[in-house]
Amino acid sequence: MMFTIFLFLLGFGLAVAGGVVLITYMNFIPAGLAWADFFSYIVVRPECYFLPIGFILIIIALYRYPN
């Protein structure tokens, strides 16, 4: 059960970090970057993958937690 809680907290931390990075990179849009350029930029940034990885870890932890 401790591993499940640790997995949930790790996923939550990664999701928060990834979400903050994505919001930070959205500041490029008012500077004249188009949406297509924005999405092509965040695809190549490794720290932007923290958000989906964090969501996956949270989902795994929620299914592993005893009812």
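**Entry 1: confidence.** I began by reminding myself that this is a predicted model. The protein chain has an average pLDDT of 92, and 100% of its residues score at least 70.

**Entry 2: helix 3.** I checked the length of helix 3 next. Its 15 residues reach 21 Å from the first C-alpha to the last, close to the 21 Å expected at 1.5 Å a residue. Which residues of helix 3 are buried? I found G54, L57, I58 and A61. These four lie on the same side of helix 3, because they cover an arc of only 100° around its axis. I jotted down the general rule here: an α-helix has 3.6 residues a turn, so residues three or four places apart point the same way. Helix 1 (2-25) is included in what covers the buried residues of helix 3.

**Entry 3: I58.** I58 counts as buried because its relative accessibility is 14%, and the cut-off for buried is under 20%. I listed its contacts, leaving aside neighbours within four places in sequence: F8, G11, F12 and A15. I also looked up how I58 sits relative to F39: the two are 19 residues apart in sequence, and their C-alpha atoms are 24 Å apart in space.

**Entry 4: E47.** I moved on to E47, which I found in the loop between helix 2 (35-44) and helix 3 (50-64). Is E47 buried or exposed? It is buried, with a relative accessible area of 18%. Setting aside neighbours within four places in sequence, I noted that E47 is in contact with G18, V21 and Y25.

**Entry 5: the salt bridge.** How many salt bridges does the structure hold? I found 1. The side chains of E47 and R45 meet in a salt bridge, at 3.1 Å from N to O. I compared the burial of the two partners: E47 counts as buried at 18% relative accessibility, whereas R45 counts as partly exposed at 28%. R45 gets that label because its 28% falls between the 20% and 50% cut-offs.

Notes
Residues are numbered from 1 along each chain as its sequence is written. This is a predicted model: local features need pLDDT of at least 70, side-chain atom pairs count only at pLDDT 80 or more; totals for chains, interfaces and linings use all residues. Side-chain values use heavy atoms; hydrogens and water are left out. Helices (H or I, at least four residues) and strands (E, at least two) are DSSP runs, numbered from the N terminus. Buried means under 20% relative accessible area, exposed over 50%, partly exposed in between (1.4 Å probe, protein chains only). Contact means heavy atoms within 4.5 Å. pLDDT is the predictor's confidence in each residue, from 0 to 100. The expected span of a helix is 1.5 Å times one less than its number of residues. The arc is that of the directions from the helix axis to the C-beta atoms. A salt bridge is a side-chain nitrogen of Lys or Arg within 4 Å of a carboxyl oxygen of Asp or Glu.
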